[in-house]
Amino acid sequence: MSDPQLIRIGARSSPMSLAQVERVRAELAAAHPGIATEVVPFTTSGDRWSGALVELGGKGAFTRELDQALLAGTIDLAVHCVKDVPGDRPVPAGTVFAAYLKRDDLRDALVHPGGLSLDRLPAGSRIGTSSVRRVAQLAQRWPELEPVPIRGNANSRLAKLDAGVVDALLLAVSGLERIGAQDRITEILTVEQMMPAVGSGTLALQCRSEDEAVVEAVGALNDAETFRQTTAERMLLHVLQGHCNSPIAAFATTEHDGRLSLRARVFSADGKTTLDAHEWDRNALALGTSVAATLLRQGAHEVINAIPH
Ligand SMILES: NCc1[nH]cc(CCC(=O)O)c1CC(=O)O
């Protein structure tokens, strides 16, 4: 099949999103020097709304408008953080994830202007994060710290931190690297301290399924191990059927012998209950299903449904 001449890429206008699109353009240019790319800017409902995301009426606040533009044919490619893609339902009909880029750092980081770590922060320190997963893990390990809801893109959160609205921020290492703010990191949290969300650090490239030339061209950017890991993580999320307020953490890695390892935790909102599972398998779908089943046997549905949503 012949290469498409032009690929129009839909991008949210935040600095992080634009950096992600520039990475995609660079990788596409290296793989297919003959294909031109064009960036089509978007503002999604998740970007416009500064309140709690749960009030936006369902998941996909950062992906819905891009899905619609893809299906309407005004763009050919959407770049998503896998972390922002709802996991309890299939990818929208008529679209396909044609590639997962090689995963970046999947850990979370603390940004504290005074340079302290979470263990050293004084009691009552206000930690800016709206992630139920991070809030539950803060409550579990650092109950004396005070999570404070904060929204907006990472740059605006850093500006709020500098203005003294909060004392510190929890943000993804990969996101801070993408906006060139890695020098603001004061502590990188271990996966044991702060288990990452499904899809952390991974970008997915979404195309129209019928657009075979684009699917094939974009497929050249796929990283095979990231694909396996993401498949296992998203299968777990699909089987657990979490809602948008579910504190679920999970990450897959590839062992030296080629098997996948998948660790997952489900937390109660107050962090007092933690369900934990860790299994290995060569088959990503079987592994995601099995780890989810283990968590369900431990009572994951009860823990998930006890949280208002
Ligand atoms: N929730 C928003 C979001 N979605 C993806 C990233 C960063 C990149 C990633 O983890 O893949 C972020 C910011 C953050 O959590 O700090």
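Predicted model: local features only at pLDDT ≥ 70, side-chain atom pairs only at ≥ 80, totals over all residues.
User: Hi! Which residue does R265 form a salt bridge with?
Analyst: R265 pairs with E192, and their closest N and O atoms are 2.7 Å apart. A salt bridge here is a side-chain nitrogen of Lys or Arg within 4 Å of a carboxyl oxygen of Asp or Glu. Residues are numbered from 1 along each chain as its sequence is written, and side-chain values use heavy atoms, with hydrogens and water left out.

User: Thanks! Where do R265 and E192 sit in the chain?
Analyst: R265 is in strand β12 (residues 260-267), while E192 is in the loop between β9 (187-188) and β10 (203-208). The pair links distant parts of the chain, 73 residues apart. Helices (H or I, at least four residues) and strands (E, at least two) are DSSP runs, numbered from the N terminus.

User: And is R265 buried or exposed?
Analyst: R265 counts as buried, at 7% relative accessibility. E192 counts as partly exposed, at 34%. Buried means under 20% relative accessible area, exposed means over 50%, and partly exposed is in between, using a 1.4 Å probe and protein chains only.

User: Which residues are linked with them in a network of salt bridges?
Analyst: The network links R141, E192, R263, R265 and D276.

User: How many salt bridges are there by this rule?
Analyst: The count comes to 21. One of them joins the side chains of R134 and D108, at 2.8 Å from N to O. R134 lies in helix α4 (residues 132-141) and D108 in strand β5 (residues 108-111), so this pair ties together parts that are 26 residues apart in sequence. Both R134 and D108 are buried.

User: What about D257, which residue does it form a salt bridge with?
Analyst: D257 forms one with R259, and the closest N and O atoms are 3.0 Å apart. D257 is partly exposed at 40%, and R259 is partly exposed at 32%.

User: New topic: the ligand. Which residues are around it?
Analyst: They are M16, C81, K83, D84, R134, L171, A172, S174, R178, S200, G201 and T202. A residue is near a molecule if one of its heavy atoms lies within 4 Å of it. You'll spot R134 again, from the salt bridge with D108.

User: What lies 3.0 Å from an oxygen atom of the ligand?
Analyst: That is an N or O atom in the side chain of R134. A polar side-chain atom of K83 lies 2.7 Å from an oxygen atom of the ligand, and an N or O atom in the side chain of D84 is 3.0 Å from a ligand nitrogen.

User: How much of the ligand does the protein bury?
Analyst: Taken alone, the ligand exposes 390 Å², and the protein buries 82% of that. These accessible areas come from the Shrake-Rupley method with a 1.4 Å probe; for residues, only the protein chains shown count as cover.

User: Which elements give two or more residues to the shell around the ligand?
Analyst: Those are β8 (168-172) and α6 (173-178). The shell also draws at least three residues from each of domain 1 (6-101 + 202-222) and domain 2 (108-188). Those domain bounds come from an automatic or database domain assignment.

User: Last one: where is Q241 found?
Analyst: Q241 is in the loop between α8 (224-240) and β11 (248-254). Its phi is near 55°, a positive value in a residue other than glycine.

Conventions:
Polar contact = N/O pair within 3.5 Å; in protein donor to acceptor, adjacent residues only side chain to side chain.
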